[in-house]
Amino acid sequence: MAKTNYKEITSYNSPNYTPNAYVPSVYGTSREVIGVVYHWWGDPWSHPLFFNIIRWLCRPNGNSSAHVVGELNRIAWIVDAIHAAWHAGSAYGNAKFVGYECNPRLDSGDYQTMGEFHYDMEKYYGKRLQIRVHKEFSSTSCSPIDKGRIRRIADSLHARDKRPKPKPRPSKPVPLAAKLPKPIRFRTKLAATRVWDLTTNPKYVAVKTLGRHKEFMAYAKIEFNNSVYYVTRYSYNKKLKHGVNSADLERYEQAPPTPEWIRNLKWDKSIGKLSVLPAGGTKVLNLTTTAPVNDEVIPKGTQIDIEGRTTVGGQMYYVSSWARKEGLPWGIPAKTLGKPAVVPPREKPEWLENLQDITDKDFWTRSDAPILSVEDGSTVRIEPINSLVRVTHATEILGKKYMVLQGMTEVVGTIYLSDTPIERPHDDLEKRVKFIEAFITSLVDIFAKAIAQIKDKWEKKP
Ligand SMILES: [Zn+2]
């Protein structure tokens, strides 16, 4: 027949504790249970309730806890005794004791359960455990619990003890690792990050020690004793219950490789404005994927300020000033852009190209002379022999010399002109032609310098 009557509740877990493995570094002493600190959970006149206290001590990111919450005939284990709960307000108290929060009404039933609990703990640990109250460790009114009364109950149970085995606290089986939806990349935080064999609970044994900032790919996890342990693919596949406490790991994302377009990117403001060339327009592409950013077509002729160029997969792309400013990975295939199609300046006609300023001079036609349009060389009219024409320039079109008439819209072949009135209009034409050609040649020589200057001026015009 069991000597103790209280019921144990294990379905509540507090995250507020120092794991066994950290107790030495946090508290300067190892976790070794030498007693129980009995507390009362607040003001008895406010009638605080058992489950409210449990929930409070199990709150996330709390700064206080206990191992056990108890009252008449029931206790809840919320932190495994192998870890240090935060109840004593003292490093030594937390490291070396189990914390028990009792209903502050402290009636005989509550004392009975505390006595039975203490008896069970002493049986479990196989030794006498100290009975202490909170105010022995830090300044608090917790608690006016009668330590002698607990001792008397426990000792009376020991005295009647005929059972060979203490009632062991139920130990939770270590579950198998559960595969993560996808592996998580961690790195170790501690200089000595341990991979624990969880089956060695409560005295964890490390199967491996990892250095600081070592990559750890978590493939599965084991949730156990209020902790999450991450498990490698190897351990998972071998069904080994080996894991690293999540508190010892930090998420670690490797920098992604620099995309090709960024590696090849060259900013070059001198590229300037370029126009969309294809009749079908062009599209803006995401340079990371070279897929179009959207369905929008930039129409032919659109001018785009280009500030950079890059290559992806051997193809060249331009990056606009806008994309650069917006920080977007966008580009336009270089083959679809080119120098903007400006309206070509009206081509200088050949006659104008070869224009030689000979200043105004009067000539006379030596025969019926066809007057030609400078635009297309068509005959505008025929001047009869001995007509006076005022010449302002000389020029050469397709190897033939012409005189440009005043107004610069008409020309006449030099062959038809005489620098003097024709006295005998019916004289031999051949003779006069020779004369006029000689004249033109000398005229050109005379004005060579001026002509050169004028040509120079023309060339400098846009
Ligand atoms: Zn207390």
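1. The buried residues of α5 pack against β3 (35–40), α4 (108–125) and β8. Contact here means C-beta atoms, placed from the backbone, within 7 Å. Helices (H or I, at least four residues) and strands (E, at least two) are DSSP runs, numbered from the N terminus.

2. This is a predicted model: local features need pLDDT of at least 70, side-chain atom pairs count only at pLDDT 80 or more, and totals for chains, interfaces and linings use all residues. Residues are numbered from 1 along each chain as its sequence is written.

3. Which residues of α5 are buried? They are I150, I153 and A154. Seen down the axis of α5, they fall within an arc of 95°, so they line one face of the helix. The arc is taken over directions from the helix axis to the C-beta atoms. On the other side of α5, G148 and A159 are exposed. Buried means 20 or more other C-beta atoms within 10 Å of the residue's own; exposed means 12 or fewer; partly exposed lies in between, with C-beta atoms placed from the backbone.

4. The open sheet has six strands in the order β1-β5-β4-β7-β3-β8, with mixed pairing. Strands pair if DSSP finds at least two bridges between them. β1 (7–9) and β8 (130–133) stand at the edges with a single partner strand each, so one side of each lacks a neighbour in the sheet.

5. β4 (residues 68–71) and β7 (residues 97–102) run parallel, joined by three bridges. V69 has E101 in β7 as its bridge partner. Helix α2 (residues 50–57) packs on the sheet and touches β4, β5 (74–77) and β7.

Key: Contact = placed C-beta atoms within 7 Å. Axes fitted to C-alpha atoms, helices over the stretch in contact; angles between N-to-C directions.
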